[in-house]
Amino acid sequence: MLRIFRILKLGRYMHESQVLISALKKSMYKIIVFFGVVLTLVLFLGTLMYLVEGERNGFTSIPQSIYWAIVTITTVGYGDIAPATVLGKFISSVAMLIGYSIIAVPTGIITVEISDAVKSSQQQKQLTCPSCDYREPDKEARFCKKCGTKLE
């Protein structure tokens, strides 16, 4: 594994991977709660579709209906099971719209955490002037741009 990193010169990306791992760790509880809500929603929609559509329309069991709900919410839509009643089509339309909105939530959670991780890593790289407490963004600066004091 280390040879592959060396041959492909992937070592330069280690800092970025640490930022990504840190963001995922910080957002883990939010994602678990979100996944629990999605799981509950899938169970509810699957059971509701089984009750509305019934066995005559292809929803032969609650697990089969839960499978339909997962396929519908994830926007895959195989088409092997489809609602036939008006109420079933309305419920499936709601499930599809929920599926599109579900895509955005974890993306936003992780993006915020990545942004925070990048900001904190940039603040660690900045030098602070001992005289005026100015944060110098240039990590190679020798003197403070504000007061001229030598930076250590």
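Tyr-67 is partly exposed, with a relative accessible area of 30%. Here, buried means under 20% relative accessible area, exposed over 50%, and partly exposed in between (1.4 Å probe, protein chains only). The structure is a predicted model, in which local features need pLDDT of at least 70 and side-chain atom pairs count only at pLDDT 80 or more, while totals for chains, interfaces and linings use all residues. Residues are numbered from 1 along each chain as its sequence is written, and side-chain values use heavy atoms, with hydrogens and water left out.

Aromatic pairs were examined next. A pair of aromatic rings is described by the distance of the centres and the angle of the planes. Rings of Phe, Tyr and Trp (its six-membered ring) pair if their centres lie within 6.5 Å; planes under 30 degrees apart count as stacked, over 60 as edge-to-face and the rest as tilted. The count comes to two aromatic pairs. Phe-59 and Trp-68 form an edge-to-face pair, with 5.6 Å centre to centre and 75° between the planes. Both Phe-59 and Trp-68 are buried. Tyr-67 and Tyr-78 form a stacked pair, at 6.4 Å centre to centre and 15° between the planes. Tyr-67 lies in helix α4 and Tyr-78 in the loop between α4 and α5, so this pair ties together parts that are eleven residues apart in sequence. Tyr-78 counts as exposed, at 58% relative accessibility. Helices are DSSP runs (H or I, at least four residues), as are strands (E, at least two), numbered from the N terminus.

Helix α3 has 26 residues. The expected span of a helix is 1.5 Å times one less than its number of residues. The buried residues of α3 are Phe-34, Val-38, Val-42, Leu-45, Gly-46, Met-49 and Glu-53. Gly-54 follows α3, and its phi is positive, near 80°.

In soluble globular proteins, nonpolar side chains tend to be buried together. A nonpolar core is a set of buried Ala, Val, Leu, Ile, Met, Phe, Trp, Tyr and Cys residues joined through side-chain atoms within 4.5 Å. The largest such core has 14 residues, and those with the most contacts inside it are Val-42, Leu-45, Trp-68 and Ile-73. Two or more residues each come from α3 (28-53), α4 (62-73) and α5 (86-125). The largest share, five residues, comes from α3.

Not counting residues up to four places away in sequence, Leu-45 touches Ala-69, Ile-73, Ile-91 and Ala-95. Ile-91 is placed in helix α5 and is buried, with a relative accessible area of 9%. Leaving aside neighbours within four places in sequence, Ile-91 is in contact with Leu-45, Leu-48, Met-49 and Val-52. The C-alpha atoms of Ile-91 and Met-49 are separated by 7.6 Å, although these residues are 42 residues apart along the chain.

A search of the whole structure finds one salt bridge. The term denotes a side-chain nitrogen of Lys or Arg within 4 Å of a carboxyl oxygen of Asp or Glu. Glu-113 forms this bridge with Lys-30, and the closest N and O atoms are 3.4 Å apart. Glu-113 lies in helix α5 and Lys-30 in helix α3, so the pair ties together parts that are 83 residues apart in sequence. Glu-113 counts as buried, at 9% relative accessibility. Lys-30 counts as partly exposed, at 44%. Beyond its neighbours within four places in sequence, Glu-113 is in contact with Ala-23, Lys-26, Ser-27 and Lys-30.

How values were computed
Contact means heavy atoms within 4.5 Å.
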